[in-house]
Amino acid sequence: MLAHTNNLGYDPTMHMCNPACKGLHADLQENAIGWIENHDKSHLSIMSTSDGMEYALKDCWIAEDKKNHEVTILKMVEGIPNVVKLVAHWDVLYDGEPDCMYHIRASHGVCTSGFIRRFHWCLLLTPCGEPLVYYSSKLELLRAFHDFVSAHSLMLASHVLHGDLSPNNFIIHDGQGYFIDFDHARIIAEGAVSVPSEGTGTRPYMSICLLREGIAKGATIQHTASDDLESLFFIFVEFVTTFDGPRSFMKDEGRRPLWVDKFETSGADPWLAKQGYVLAPHNDSSLMEKTTSFFTPFSQIIQEWHHLILAAASDLSDPSVGVTHAVLMALLKKWISQLPVDAPTEIMVPMASSSRLGHPPHDDVQSSVGAHHSTCIQQRVS
Ligand SMILES: [Zn+2]
């Protein structure tokens, strides 16, 4: 294609180098493959290997009425460890105006009523990590889960309920786990402990209660911190029953992630399969027995976590409280201190790039974000 990319409707604030321009930019940083124009017209290098901080750019289209939501939430949780930090945010400009789907449609003469105006918006975040499935050891993964519970608790104290815990919403950077995505986070009113939910979330990891009452019955129910911690349990169980080594290595390529599998095969009642495991009697060991050989030392953690959920669900004085952050953190901390170090042979297991866990997307019916992607970029040091 010989046309200028602007004429094709491409983002004019992003330049990806091609063979024709290679070597022509005197100011391109080492090994950079292009740049993004920042809100102040400075350039952010893409994939540069020069010294400096690494950032992730979240490039998204957001409905007009939700435009500031994630920025507001990120500011509310700023400073909490294990949460990505918002560095900058800006409207992508097109012909000097904020880029909006309305312009694209108007240029084609399509202006229907009821159309949602989505704005092209950039969020610059740090650190830039890898998906959580790239954990390097059992201990690193366990520490990440402990830190997620701690961060979740601190967010609550700042009146933020994350509301959509799934493997896609965590990264690992420099051995530490981080929450990265707050599109669906909610602000909790002063004095309240929950937010009304119409049953949105990433379904394989949603709590039994949200699936049973919210989705199955189509009712508006209260989403609590306990629903989020239950999602964390489902993510934990899925990792240790699916992966056979560090960096999501799988010995058995045909192995299906547990909840994704149950979700896809259970038809209208995806909560039933979960309930069978999670609310199983105290001495039931069916989940423990599902760990892979690599994660055998985690089978007892699964059982003790299962017992916490069971005890909380059986507490008739207030079953909505669920497992508390403090109790769960104590359990994970105990196991962090007594976990044997991975054998070198386990650490040397090669990465199987074809065996990524196929995570379904968030159930995006009411999403504020149409499509987004992140790009690893580096701030220009000048
Ligand atoms: Zn170029």
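Before I come to the first residue, a word on terms: helices and strands here are DSSP runs, at least four residues long for a helix and at least two for a strand, and they are numbered from the N terminus. With that convention, Asn 18 sits in the loop that connects β1, residues 14-16, to β2, residues 34-37. Please keep in mind throughout that what we are looking at is a predicted model.

In sequence Asn 18 and Gly 34 are 16 residues apart, while in space their C-alpha atoms are 8.9 Å apart.

Turning to the chain as a whole, it holds 10 helices and 16 strands, and 36% of its 382 residues count as buried. If we take the contacts with a separation of 6 or more, 71% of them are between residues 24 or more positions apart.

Next, the helix pairs. Two packed helices are described by the angle between their axes and the distance between the axes. For α3, residues 138-157, and α5, residues 225-242, the axes come within 11 Å and cross at roughly 170 degrees, and the two helices are therefore roughly antiparallel to each other. On the α3 side the contact is made by Leu 141, Phe 145, Phe 148, Val 149, His 152 and Leu 156, and on the α5 side by Ala 225, Asp 228, Leu 229, Leu 232, Phe 236 and Phe 239. By class, the residues of this contact are 10 nonpolar, one polar and one charged.

The other pair I want to show is α4, residues 208-215, with α7, residues 270-278, where the axes come within 9 Å and cross at roughly 150 degrees. That angle makes α4 roughly antiparallel to α7, and the crossing of α4 past α7 is left-handed. Here Ile 208, Leu 211 and Arg 212 of α4 meet Pro 270, Trp 271, Lys 274, Gln 275 and Val 278 of α7, a contact that divides into five nonpolar, one polar and two charged residues.

Terms used: Residues numbered from 1 in each chain as written. Predicted model: local features only at pLDDT ≥ 70, side-chain atom pairs only at ≥ 80, totals over all residues. Axes fitted to C-alpha atoms, helices over the stretch in contact; angles between N-to-C directions. Parallel < 35°, antiparallel > 145°, perpendicular 65-115°, else oblique. Contact = placed C-beta atoms within 7 Å. Nonpolar A, V, L, I, M, F, W, Y, C, P; charged D, E, K, R; others polar. Left-handed = near helix turned anticlockwise from the far one by under 90°. Buried ≥ 20, exposed ≤ 12 C-beta atoms within 10 Å, placed from the backbone.
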